[in-house]
Every structure is written in structure tokens, then in C-alpha cells.
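Welcome! Have a look at the protein shown here, and then we will walk through it together, topic by topic.

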Amino acid sequence: MSGFERGTDGPKVIVAGVDGSASSLRAASYAGGLARRQNALLALVYVQPLLTAGAAVGAPVADTTGEIAEGLVAEIREAAERVKEIWQVRWEFHTFRGDPYAGLVAAADELRADAVVVGVSESAGHRFVGSVAVRLVKAGRWPVTVVP
């Protein structure tokens with residue numbers, strides 16, 4: 001049997017979506033604990049939006065989202081340094097482009113994720129259109145953990 005099997009011996013790759021929000025950083029911490037206990041790779045994924053409300057009024061979107069990604073990497077590296085003597089977690093940071101749902105799906109597929117961890121949506125508008133977490137769960141392709 002030469003095909004890819006998802007999670008047959010426990011997760012090998014855990015994808016955590018991060019966007020700088022408090023809930024996404026809690027999700028990353030939770031996913032880090034899972035990765036440490038399972039000796040899995042923690043893939044932290046930031047999805048850069050293609051177009052935001054700021055773009056409509058001429059704000060430099062690519063620069064702004066690039067700065068967010070750089071800030072997240074710095075924050076994650078700092079947190080990893082603080083606990084490196086206590087916990088060893090293998091992790092990588094990836095940036096994808098698109099809407100958060102499509103970006104996380106692409107990341108999970110490309111990285112062959114065994115599980116996906118995201119924070120609960122902090123946007124009131126998601127009650128009407130569906131949060132990224134709900135859409136990931138409905139996709140039914142990976143175990144999804146939603147961290148409050």
C-alpha cells in the first residue's frame with residue numbers, strides 16, 4: 001500500500017491557522033501541545049487576504065499582510081524560545097494567499113495534515129455566512145478542533 005494514509009499512527013502534521021487574533025494564538029498554543037505530545041510537526045499557517053476593505057481605498061494590502069506575517073513569525077519565535085528548555089516542538093510557519101477557508105484547505109492538503117486547529121471566529125458577521133471553523137468541519141476531510 002503506497003498511498004497516503006491520514007493519521008493512521010497518530011497525527012504527523014497538525015495545521016494551526018493563525019491570524020494574530022487572541023483566539024488564533026490560543027489555537028496555536030493548543031496545537032503546539034498536541035504536536036509535542038504526539039511528536040508531530042506543528043505547521044502554523046497564516047492566510048494573507050487577496051483583497052481587503054483597505055484595498056478599495058488604496059491601502060497597500062500586500063505590505064500590510066506581509067507585516068502581519070512577519071509579526072506573527074517574530075511572536076511565535078519568541079514564544080518558542082521562552083519554552084525551549086521545557087518543551088521541544090518541531091514547527092514551521094507557512095503563508096498562503098486567499099480567503100481564510102480556501103487558504104487553510106490548500107495548506108492542509110499541501111502539507112498532508114492529519115488535523116486542523118483553529119480559533120473560534122471573533123467576527124459577528126460569521127453568524128450569517130458561516131465561520132471558517134464551521135466550513136472546515138463541514139468539509140469533513142480532517143479532524144478539526146476549534147479553540148475558544
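What covers the buried residues of α1? The cover includes β1, β2, β4 and β5 (144-147). This is a predicted model, in which local features need pLDDT of at least 70 and side-chain atom pairs count only at pLDDT 80 or more, while totals for chains, interfaces and linings use all residues. Residues are numbered from 1 along each chain as its sequence is written, and side-chain values use heavy atoms, with hydrogens and water left out.

**The overall layout**

- The protein has six helices and five strands; helices (H or I, at least four residues) and strands (E, at least two) are DSSP runs, numbered from the N terminus.
- Starting at the N terminus, the order of elements is β-α-β-α-α-β-α-β-α-α-β.
- Of the 148 residues, 38% are buried; buried means under 20% relative accessible area, exposed over 50%, and partly exposed in between (1.4 Å probe, protein chains only).
- Among contacts (heavy atoms within 4.5 Å) between residues at least 6 apart in sequence, 78% join residues at least 24 apart.

**Helix α1**

- Helix α1 covers residues 22-38, and its 17 residues should span 24 Å at 1.5 Å a residue, which agrees with the 24 Å between its end C-alpha atoms; the expected span is 1.5 Å times one less than the number of residues.
- Its buried residues are Ser 23, Ser 24, Ala 27, Ala 28, Ala 31, Gly 32, Gly 33 and Ala 35.
- An α-helix has 3.6 residues a turn, so residues three or four places apart point the same way.
- Just after α1, Asn 39 takes a positive phi of about 55°.

**The nonpolar cores**

- A nonpolar core is a set of buried Ala, Val, Leu, Ile, Met, Phe, Trp, Tyr and Cys residues joined through side-chain atoms within 4.5 Å.
- The largest one has 20 residues, and those touching the most other members are Val 15, Val 45, Leu 104, Leu 111, Val 116, Leu 136 and Trp 142.
- At least two residues of this core come from each of β1 (13-17), β2 (41-48), α4 (100-110), β4 (115-119) and α6 (132-139), and α4 gives the largest share, five residues.
- Not counting residues up to four places away in sequence, Leu 111 touches Val 13, Val 15, Ala 43, Val 45 and His 94.
- A second, separate core of 17 residues includes Ala 16, Ala 27, Ala 28 and Ala 40.

**Val 146 in strand β5**

- Val 146 lies in β5 and counts as partly exposed because its relative accessibility is 37%.
- Leaving aside neighbours within four places in sequence, Val 146 is in contact with Val 118, Gly 119, Val 120 and Ala 133.
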